[in-house]
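This report describes selected features of one protein model.

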Amino acid sequence: QWCWGLISAGVLYMLAAERISRRVGGLAAIVYYTSPHIFQLSTAAKSDLVWQTFLFLSLHTLLAWNNRRDAGWLWLSAAFTGLAMATKYQGLFWAPAIGLALLVSQGSDWGRIPWRAFWRSISYGAISVLVVSPWWLRNWFASGDPVWPFGYPIFHSRFWTQKLNDKYAAWTQGPGDSLWYYFTGLWNLSLNQSAYSSGMLIPVTPLLLAFLPGLILVWPSVPAHTRRFFGMILITSSVYYTFWFTTYQQPRYAFPIFALLMILAAYSFWQITRFSCSSWVATSLLSLSLMMFLSYNSLFNIQVAPVVFGLETRQSFLARRVSFYEDFVWANDNLPGHAHVLFFHLKPYYLDRPYILGTRNLWLLDGQTTADEYLSLMGEQKITHIFRTGLWEADSENADSLRLITQLKKSGSLKSIYFNVRGVQVHSRTLNRLSHTTVEILQVVYE
C-alpha cells in the first residue's frame with residue numbers, strides 16, 4: 001500500500017507535468033500524497049490507492065492518445081478503465097466519466113468520419129469490459145450477480161435479501177441528497193464534515209475551495225491546450241461526482257475528485273503567486289495546510305513509536321489499538337485446532353482459526369426460523385464455536401440470530417466458555433477513541 005501511494009502520486013504528477021508544468025504537477029502530487037486520507041490508506045489493507053492509480057492512468061493515456069492519435073494509447077486507456085472497474089465497484093462511476101471524455105475528445109471526428117468515432121468508442125468499451133469480465137464472471141458463478149450485491153433488484157442473487165437491499169439502498173453517510181447539497185458538496189467534504197454520519201475523523205484540505213475560484217480570475221491568460229486539459233478534468237470529475245452523490249456518499253470514494261481538481265488548484269496557486277499582493281496570502285495558506293497535514297500524519301505515526309523503539313511490546317500495543325485483540329488471543333490459545341468459528345464481527349484478522357461471518361447475507365434467517373433449524377444450519381457448516389460481542393447484539397439487524405442463540409443457550413446446545421465484560425472496541429486508533437463492550441465465546445453442543 002505504501003508503494004501504491006507513491007505510484008499514484010507519481011502518476012498524478014505525470015498527468016499534470018506533461019500537460020502544464022513540473023511545478024504544477026509537483027504541488028498537486030505533494031498535497032495529494034501528504035493528505036491524511038492518502039497517508040492512512042498507505043497503511044491500510046484497502047484497494048483504494050491501486051484503484052486511484054488506474055483512474056489517473058486511464059485519463060493520462062486517453063489524453064496521450066488525443067494528442068498523438070496513436071491507437072495503442074487509447075486501448076491502454078481502455079485497459080486501465082477495466083482495471084479500475086475490477087478493483088472497486090466505484091470504478092463503475094468512472095466508466096461513464098471517461099467515456100464522455102472520449103466522446104468529447106473525438107469532436108471533429110463525429111462530423112467528418114462518424115463511423116470511425118462510433119466504432120472507436122464501442123471498441124474502447126469492449127476492451128474495458130473484457131478486462132473486468134473475469135471478476136464479473138467470478139461473481140456470476142458464485143452468486144448469480146456479476147456486480148454483487150448491487151444487481152440484486154435484477155438478478156435476485158444468492159447471499160442477499162430484499163430486506164438487506166432495501167436497507168442499504170436507502171443508506172447514506174452524506175448530509176442530504178437535494179440539489180443544494182449537490183452544489184455544496186466540496187464545501188461539505190472540506191469544511192463541514194460534521195454533517196456526515198461518520199463525523200470529522202480525517203481532515204480534508206481546504207485548498208480546493210481557496211484556489212479553484214482563483215482560476216476564474218486567471219482564465220483569460222490560460223493557454224488553449226491547458227484549457228482543454230482542464231475541460232477533460234472537469235468533465236470526468238463532474239460525471240464521477242454525480243454518480244458518487246447519488247449513492248451513499250462515502251467521503252473516501254470522493255477523493256479521486258479532490259486529486260484531479262488539485263491540478264487546477266495548483267495551477268491557480270502558481271498564477272496567484274505571480275502577484276506580490278496575493279502571493280504571501282496564497283503561500284501562507286498552502287504552508288498552513290501542509291503544516292496541518294504534517295501534524296496529523298505525525299500524530300498518526302507517533303502511536304507506533306514506542307513499539308518501534310522497544311518501549312512497548314507488540315502485544316500491549318495491539319491490545320490498545322485493535323478491537324477485541326485480547327479476546328482473539330484467548331481464543332487462539334484455548335480453542336482446539338479443529339475449531340470452526342461462527343464470528344459476529346467484521347474484522348477477524350487476528351483470529352487464527354477458520355471462521356464464517358455471521359452476517360445476514362450469509363445466514364438467511366427470519367422470524368420463522370427455529371432454534372433447531374439454526375443449529376442444523378451450523379452443523380452443516382461444521383461450526384464448533386461462536387464468537388459474539390455486545391456491539392453485534394445492539395444491532396437490530398441481528399435480532400433473529402440473537403433470539404436463536406439465546407434459545408440455544410437455554411436449551412443447553414450452546415455452552416459459554418469465555419466471557420469478558422470489558423472487551424475493547426477501537427473507534428479511532430489515531431485519536432485513541434475506544435469503548436468497552438461484552439465479548440462471549442460459546443461452544444456448540446450437538447447431540
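Axes are lines fitted to C-alpha atoms, for helices over the stretch in contact, and angles run from 0 to 180 degrees between N-to-C directions. The model is predicted, so that local features need pLDDT of at least 70 and side-chain atom pairs count only at pLDDT 80 or more, while totals for chains, interfaces and linings use all residues. Residues are numbered from 1 along each chain as its sequence is written, and side-chain values use heavy atoms, without hydrogens and water.

Helices (H or I, at least four residues) and strands (E, at least two) are DSSP runs, numbered from the N terminus. Helix H4 (residues 48-68) packs against helix H5 (residues 71-87) at an angle of about 160°, their axes lying 8 Å apart. H4 is therefore roughly antiparallel to H5 (angles over 145 degrees count as such).

Ser128 belongs to helix H8 (residues 114-143). With a relative accessible area of 4%, Ser128 is buried (under 20%, 1.4 Å probe, protein chains only). Beyond its neighbours within four places in sequence, Ser128 is in contact (heavy atoms within 4.5 Å) with Ala78, Thr81, Gly82 and Met85.

Five strands form an open sheet in the order S2-S1-S3-S5-S4, with mixed pairing; two strands pair if DSSP finds at least two bridges between them. The edge strands, each pairing on one side only, are tabulated below.

| Edge strand | Residues |
|---|---|
| S2 | 355-357 |
| S4 | 414-428 |

The twist averages 20° from one strand to the next. Strand S1 (residues 341-344) runs parallel to S2, joined by three bridges, and Phe343 stands opposite Leu357 in S2.

Methods
Buried < 20%, exposed > 50% of the residue type's maximum accessible area, 1.4 Å probe, protein only. Parallel < 35°, antiparallel > 145°, perpendicular 65-115°, else oblique.
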